[in-house]
Amino acid sequence: VYLDSRDASFRWLLAWLAEHPYSKTATTLTCTTEQKTAETSLLPSVLFTPAPGAHLLRFRGHWIWLERHRPEKNAPNATNHNFVHETACLTLLGQNREVLRDLIHEARRLTLEREKDCTTVYLADQYGNWRP
């Protein structure tokens, strides 16, 4: 399953990865911040997730190969320096593709639970899409 950082599912995956035990022991990490509403906190929350590269982790007893890819800064399509485009690929080391579907649904549920009392503000990106 390929996920693109311009899609909400990528944000769900990052929130899920931040809670996954693998992120507590990984040695190369990416730091991402999330701004909360004024009622909950004045400081943004900090998420530590596995950095771009290859990672092997477990989900419900199944091995998942995670590859995060971020193009080089000087790549021809990297024109907006305020937005870092990234992709993630989840590969199940097995045959039951329902496992990946369950992972994405769990990531979505986790994110929606965290944001249930928040107001989401959307901004237009350089591609004409609305991003939270």
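The following is a conversation about a predicted model of one protein chain.

Colleague: How much of the protein chain is buried?

Modeller: Of its 132 residues, 32% count as buried. The accessible surface of the chain comes to about 8900 Å², and carbon and sulfur atoms account for 54% of that area.

Colleague: What share of the contacts with a separation of 6 or more comes from residues 24 or more positions apart?

Modeller: Such residues account for 54% of those contacts.

Colleague: Let us turn to the core. How many residues are in the largest nonpolar core, and which have the most contacts inside it?

Modeller: The largest nonpolar core has 20 residues. Those with the most contacts inside it are Leu-3, Leu-13, Trp-16, Ile-64, Leu-66, Leu-90 and Leu-103. Two or more residues each are given to this core by H1, strand E4 (53-59), strand E5 (62-69), E6 and H3. In general, nonpolar side chains tend to be buried together in soluble globular proteins.

Colleague: What is Ile-64 in contact with, leaving aside its neighbours within four places in sequence?

Modeller: With those neighbours set aside, Ile-64 is in contact with His-55, Leu-56, Leu-57, Phe-59, Leu-90, Thr-91, Leu-92, Val-99, Leu-100 and Leu-103.

Colleague: And helix H1, how many of its residues are buried?

Modeller: Nine of the 12 residues of H1 are buried, so the helix is largely enclosed by the rest of the structure. The buried residues include Phe-10, Trp-12, Leu-13, Trp-16 and Leu-17. H1 covers residues 8-19 and reaches 17 Å from its first C-alpha to its last, close to the expected 16 Å.

Colleague: Is Thr-30 buried or exposed?

Modeller: Thr-30 counts as buried, at 13% relative accessibility, because the cut-off for buried is under 20%. Thr-30 lies in strand E2 (residues 29-34). Apart from neighbours within four places in sequence, its contacts are Leu-47, Phe-48, Thr-49, Pro-50, Ala-51, Pro-52, Arg-68 and Arg-70.

Colleague: Changing topic, how many salt bridges does the structure hold?

Modeller: The structure holds seven salt bridges. In one of them, Asp-4 pairs with Arg-6, with the closest N and O atoms 3.0 Å apart. Asp-4 is partly exposed at 22% relative accessible area, and Arg-6 is partly exposed at 31%.

Colleague: Where is Arg-6 placed?

Modeller: Arg-6 is in the loop between strand E1 (2-4) and H1. The C-alpha atoms of Arg-6 and His-85 are separated by 7.3 Å, although the two are 79 residues apart along the chain.

Colleague: What does Arg-60 meet in a salt bridge?

Modeller: The side chain of Arg-60 meets that of Asp-102 in a salt bridge, at 3.7 Å from N to O. This pair links distant parts of the chain, as Asp-102 is in helix H3 and Arg-60 is in the loop between E4 and E5, 42 residues apart. Asp-102 counts as partly exposed at 32% relative accessibility, whereas Arg-60 is exposed at 55% relative accessible area. Phi of Arg-60 is near 50°, a positive value in a residue other than glycine.

Colleague: How far apart in helix H3 are Glu-98 and Arg-101?

Modeller: Glu-98 and Arg-101 are three residues apart in helix H3, so about one helical turn separates them. Arg-101 counts as partly exposed at 41% relative accessibility. Elsewhere, salt bridges that share partners join Arg-60, Asp-102 and Glu-106 into one network. Glu-98 and Arg-101 form a salt bridge, with their closest N and O atoms 2.8 Å apart.

Colleague: Finally, which residues make the nonpolar surface patch?

Modeller: Leu-56, Trp-63, Trp-65 and Leu-93 make a nonpolar surface patch of about 380 Å². Leu-93 is found in the loop between strand E6 (87-92) and helix H3 (98-114).

Conventions: Residues are numbered from 1 along each chain as its sequence is written. This is a predicted model: local features need pLDDT of at least 70, side-chain atom pairs count only at pLDDT 80 or more; totals for chains, interfaces and linings use all residues. Side-chain values use heavy atoms; hydrogens and water are left out. Patches are made of residues with over 30% relative accessible area and no salt bridge: like charges are joined within 9 Å, nonpolar side chains (Val, Leu, Ile, Met, Phe, Trp, Tyr) within 5 Å. Accessible areas come from the Shrake-Rupley method with a 1.4 Å probe; for residues, only the protein chains shown count as cover. A salt bridge is a side-chain nitrogen of Lys or Arg within 4 Å of a carboxyl oxygen of Asp or Glu. Helices (H or I, at least four residues) and strands (E, at least two) are DSSP runs, numbered from the N terminus. The expected span of a helix is 1.5 Å times one less than its number of residues. Buried means under 20% relative accessible area, exposed over 50%, partly exposed in between (1.4 Å probe, protein chains only). A nonpolar core is a set of buried Ala, Val, Leu, Ile, Met, Phe, Trp, Tyr and Cys residues joined through side-chain atoms within 4.5 Å. Contact means heavy atoms within 4.5 Å.
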